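Let's take a friendly walk through a protein model together. Have the sequence and the picture in view as you read.

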Amino acid sequence: MTEYPEQPEYPEHPEHPEHLDVEDVRDPRIAAAVARLDGLTDTPPVEHVEVYEDVHRVLQDALADAAVSSETGDAGDTAEPGPGDPRP
């Protein structure tokens with residue numbers, strides 16, 4: 001009989017990942033996209049793909065805008081001073 005090494009115990013995975021509090025998100029586009037994910041629990045999985053693709057597009061657009069803002073020194077809606085902005 002072959003003996004196998006004892007398997008390590010892994011923590012249980014929660015059924016749903018930690019909830020992101022949308023109120024903590026500064027960019028309203030991202031907050032709206034993340035809020036759409038909360039509504040997926042009551043829809044059939046076949047409908048999830050369209051939502052995931054749309055949320056992915058919104059997040060990509062927000063990242064692209066952030067990259068442009070950081071290149072130009074515009075702090076945009078980050079509520080953080082940019083390089084040319086006086087510090088309070």
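Arginine 29 counts as partly exposed because its relative accessibility is 34%, where buried means under 20% relative accessible area, exposed over 50%, and partly exposed in between (1.4 Å probe, protein chains only). The model is a predicted one, in which local features need pLDDT of at least 70 and side-chain atom pairs count only at pLDDT 80 or more, while totals for chains, interfaces and linings use all residues. Residues are numbered from 1 along each chain as its sequence is written, and side-chain values use heavy atoms, leaving out hydrogens and water.

| Pair | N to O distance |
|---|---|
| Arginine 29 and aspartate 27 | 2.7 Å |
| Arginine 29 and aspartate 65 | 2.5 Å |
| Arginine 57 and aspartate 54 | 2.6 Å |

Arginine 29 forms a salt bridge with aspartate 65; this pair links distant parts of the chain, with arginine 29 in helix H1 and aspartate 65 in helix H2, 36 residues apart. Aspartate 65 is partly exposed, at 38% relative accessibility. Aspartate 27, by contrast, counts as buried because its value is 9%.

Salt bridges that share partners join Arg36, Asp54, Arg57 and Asp61 into one network.

Now for the helices themselves. The protein has two helices and zero strands, taken as DSSP runs of at least four residues (H or I) for helices and at least two (E) for strands, numbered from the N terminus. Helix H2 covers residues 48–72 and reaches 36 Å from its first C-alpha to its last. That is close to the 36 Å expected at 1.5 Å a residue, a span found as 1.5 Å times one less than the number of residues. Its buried residues are His48, Val51, Val55, Val58 and Ala62, and helix H1 (28–38) is included in what covers them. Glycine 73 follows H2, with a positive phi near 85°.

How many residues of the protein count as buried? Of its 88 residues, 14% do.

Notes:
Contact means heavy atoms within 4.5 Å. A salt bridge is a side-chain nitrogen of Lys or Arg within 4 Å of a carboxyl oxygen of Asp or Glu.
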